[in-house]
Structure formats: structure tokens, C-alpha cells
Amino acid sequence: MIKLLPLLFIALITACGPLPRPFMAQEPDSNPLLKLENTRPLAVEPPIFALQETGIELTDLTIWAQENLSQALRDQNLPAANYAFASNSLHLYSSFEAETISEDQVVISLKIGVAETSNPNQFLIESEERTTIPSIHLKKASKSILAEIIKRASQNVSLKISQLDQETGPQPQITDYVHIQLFSLSDRLDDRTKKILENELRASFQLRKLYLTRRATEDSAYKLSLEIELSKQAEQGILSLLWILEDSTSGEEIGQISQTNPVPNIPLSRILIPASEAISEGTSIGIKDLLKQKSLQNQTVLK
């Protein structure tokens, strides 16, 4: 987990002063898995192996794979562990298989299923990763090969869980919500980071009666865009996120929300994914302030 310093958060609107807001909270001192909200814990069950010629004793391989799968899921910001949680947990089942396709080639697959405790035979999520390797590598470098498959599978599981949360979550009564179109996210972000950030934005907006949508509709009063600037220095860089809120009809800029923080020189996804909840909270609070100030300005004009 990356520890970042508090960020200076400023919302600007014409003829109004700055609105200081925190962007990134300090990293919690206690177990971060206990701090996650709207994310159910994952109990990782011991994997099933249908592999031969790995050169590793099966019990050792099972323990190793279970621990690595749990860690890979935690690296994706999912609360995973090798034990069952007290309540409300999902169970993750996995199996490794090998299929010989030629004299010296084999296909390795990792199948994953996520199910409720009460109904382990009905998967909410299913995923499969496959790779073809020379047969000799299965014996000489089995752990490194399996570790790479586990890493890719964990990324898939994380994406599917975020989609599942979006599909199965309760739909808000949006008749009295302010509709905002998410017009664009910076091209500097990869698809997975965009998806996670969008989901966090949607959740934060709903708490404040803001309805975020990708599509432009008749109800969309405003549109929101994100621009990113990253200046790199010797040991760290300065990351700036600039959210721009515009009137959908006139194109008039309502205001901007600027979030700036020193960050280590690592890929953007490793910075933004863990911080996506804090980013979204700051953005939604800033937008509410911008809209409130705009409403006060309109009342002043009418008087």
C-alpha cells in the first residue's frame, strides 16, 4: 500500500473563493482489509491441482498457491485471506489443470469460481486463464509460471467483482437526483483504472444525490471531464487531477476541482486504484459545493 501525503483540494467557481478540501487520507494504521466498504471479504479455499511433473510435493504446492492467490487478490485491493471470515464473506474456489496438446507443449489453465457461503454450487463469478508452455518448463519452473497465471486471474476477478457490484447493487430513485454525464476520463488511464474510478465516482455521487451516467440524455444537466498532469522528478513526481464541470446545454464552465499530490514514480494505476475512493469522495463533495454556489448566484441574480 502506498502512503501518500494529504492533498490540496481546491474547487473554483466564478466570483467565488477557494474551497479547501482533503483529497487523500492518511493510510490507516490498522488492518486495511477491515476498512474497506461495500466490498465483501473473500475466503480463498485451497486450490485443486490436476497437474503432473511439477517436481513439487502436492501439499506444499497447494499451500503456496493458496497464499499467492490471496496475496494477488489483495494486490488488487480486494479483502482476501486463507480463512473464512465471521460473516458476509464470499468463497473463492480454484483449480489448476494441464492439457497436453503435443509431444512437447502443454496448456496450463486456472479456473476460478466465486460463490456465496450458503450456495457453493452456484458461482456468482467464473473466470479462466490459460497459457501454453513447453512441457519441460512445468517441471523446471512451475511456481514462476503459476504465479504469472495467478496474477492475471486476480486482475480478471477484481474486474468481474466491480462489474458484479455495479449490476447487482440497489438502483437509486433518481427522479430528484442531479444528472451528470461522465463525458471523458484522461487517455493516460488504462481501461481497468477507468472502470474502477468510474464505479467509485458513481457510488460517491449517489450518496449526495448526484446521478452519474456515461450516456448523454435529456436529463443530463452537466458533463464532467478529467484531465491529468504528471511531472516526474528524481525520486517522486507531482500528480494533478483537474475535474471540469460544464453546463450540458450551453457548454459554460461551472467550475473546476483540482487535486494535487506528490507521488512516487510508479505506474498511474498503482497510485489511482488504491486512492480511487478518496478521489471520488473529494470530487463529489467539490461538485456539490459548485452546484450550491451556482444556485446561490442564480438566486442573487433573480433578486
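Biologist: How many helices and strands are there in the protein chain?

Modeller: The protein chain has five helices and 13 strands, where helices (H or I, at least four residues) and strands (E, at least two) are DSSP runs numbered from the N terminus. This is a predicted model, in which local features need pLDDT of at least 70 and side-chain atom pairs count only at pLDDT 80 or more, while totals for chains, interfaces and linings use all residues. Residues are numbered from 1 along each chain as its sequence is written, and side-chain values use heavy atoms, with hydrogens and water left out.

Biologist: What makes the set with Leu42, Leu73 and Leu92 a nonpolar core?

Modeller: A nonpolar core is a set of buried Ala, Val, Leu, Ile, Met, Phe, Trp, Tyr and Cys residues joined through side-chain atoms within 4.5 Å, and buried means under 20% relative accessible area (1.4 Å probe, protein chains only), with exposed over 50% and partly exposed in between. The largest such core has 30 residues, and helix 3 gives the most to this core, with seven residues. Apart from it lies another core, of 28 residues, among them Leu210 and Ile271.

Biologist: Why are strand 9 and strand 10 called paired?

Modeller: Two strands pair if DSSP finds at least two bridges between them; four bridges join strand 9 (residues 178-184) to strand 10 (residues 210-213), so they count as paired, and they run parallel. Within this pair, isoleucine 180 stands opposite leucine 212.
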